[in-house]
Amino acid sequence: MYRISGNGLSKPSYLMGSIHLQDARLFNFQDSMYAGIDRCEVFAIEVHPDSTVQRVMEKSLKDNKRRLLKQQLSEREIAQLKKMDKDLENDLIENLTLPELIELKRTRFANRNGVDKMPVFMDIFLYGLAMEKGKALTGLEQPEDQLGLFDSIWVDTNPVDLIKSWGKNYKSFTSLVDYYLKSDLQAVSKMVSLMPEKTEELMLTRRNKVMLNSMVQIMQEKSLFSVVGAAHLPGGNGLLQMLRQKGYEVTPIIGGPRTHARQYKRSAAPAIFSSKEEWHKVKSEEDGFAFEMPGKPVENEVELTGNKLY
């Protein structure tokens, strides 16, 4: 975790690196992190989860440009993929796009047997904690930017070659967890430097510039606690260096006592259920139902069905 000060800020802000996993070992947070969230007025993760869910729904319901694996590969090649990775042999992977297949594997890695898991991954846990504390919540990026990004990265990738490399990628991801637990940012930086130049530009550098601009805009008005993937922090194009180039003092907060998320004493009444929150009523005279939601629902029409999905 890093403290951001100077350059005209009236209050310090904070930046923390995360790993998007549920591995319980990652949730042994510094007490200074909990205090940092308490001090700040705004809490941000990479993208706002509500907006992301909405964009994913829109994409899955309305996107006619999805390039499915069965449109790229023959039945024989699909069978070869399943033979190469037994984890996929019972899945209808032919109806997935390549980014969707990668996300399926990432999710299964996160939920693999033998790992003590938390109910949600780290960023969402902290987002919920900030919500309970009544913080203003936001995302540093737009969801559509991330969704389009992954399509761009994998557009020229051969699925067979990708699956052949998964053993190596699995070891790299495991190493990243180990480096994170040791707070070894130099090792994380070395891993980032091994990325292909195009991948690093799309996955990190370009996104870092967007997140930096969002952070600066918010910090000019209010104190901010930001949580982003740890790979976004180090290097010449990382957020730490970019903030320093903007004139901010960026100071690591090292050591100190820790409290695991399971032992942290949380608010008795989460803010989402507070009377201060504006609940929205959803009512259909035609279908004869009405209910309230702790947030404004977004309506999507499901094509060819005549139905609407909220």
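Which exposed residues sit on the face of α4 turned away from its buried side? The legends below, for a predicted model, start there.

**View 1. Helix α4 and its outward face.** R76 and K83 are the exposed residues carried by the face of α4 that is turned away from its buried side. The helix itself covers residues 75-84, and I78, L81 and K82 are its buried residues. Looking down the axis of α4, you'd find those buried residues within an arc of 95 degrees, so they line one face of the helix. Here's the background: an α-helix has 3.6 residues a turn, so residues three or four places apart point the same way.

**View 2. Helix α11, end to end.** This helix takes in residues 197-219, 23 residues in total. At 1.5 Å a residue α11 should span 33 Å, and its end C-alpha atoms are 31 Å apart, which agrees. Still, α11 isn't straight throughout: there's a bend of about 30 degrees at N208.

**View 3. The buried side chains of α11.** N208, where α11 bends, is also one of the helix's buried residues. Others on that list include L202, L204, T205 and R207, along with M211, L212, S214 and M215. V216, I218 and M219 are buried too.

**View 4. The whole chain, for context.** Zoom out and you get 12 helices and 12 strands. Of the 310 residues in the chain, 39% are buried. Take the contacts with a separation of 6 or more: 77% of them are between residues 24 or more positions apart.

Note on methods: Residues numbered from 1 in each chain as written. Predicted model: local features only at pLDDT ≥ 70, side-chain atom pairs only at ≥ 80, totals over all residues. Heavy atoms only, no water. Helix = DSSP H or I, 4+ residues; strand = E, 2+ residues; numbered from the N terminus. Expected span 1.5 Å × (residues − 1). Bend = angle between axes of the 7 residues up to and from the residue. Buried < 20%, exposed > 50% of the residue type's maximum accessible area, 1.4 Å probe, protein only. Contact = heavy atoms within 4.5 Å. Arc of directions from axis to C-beta.
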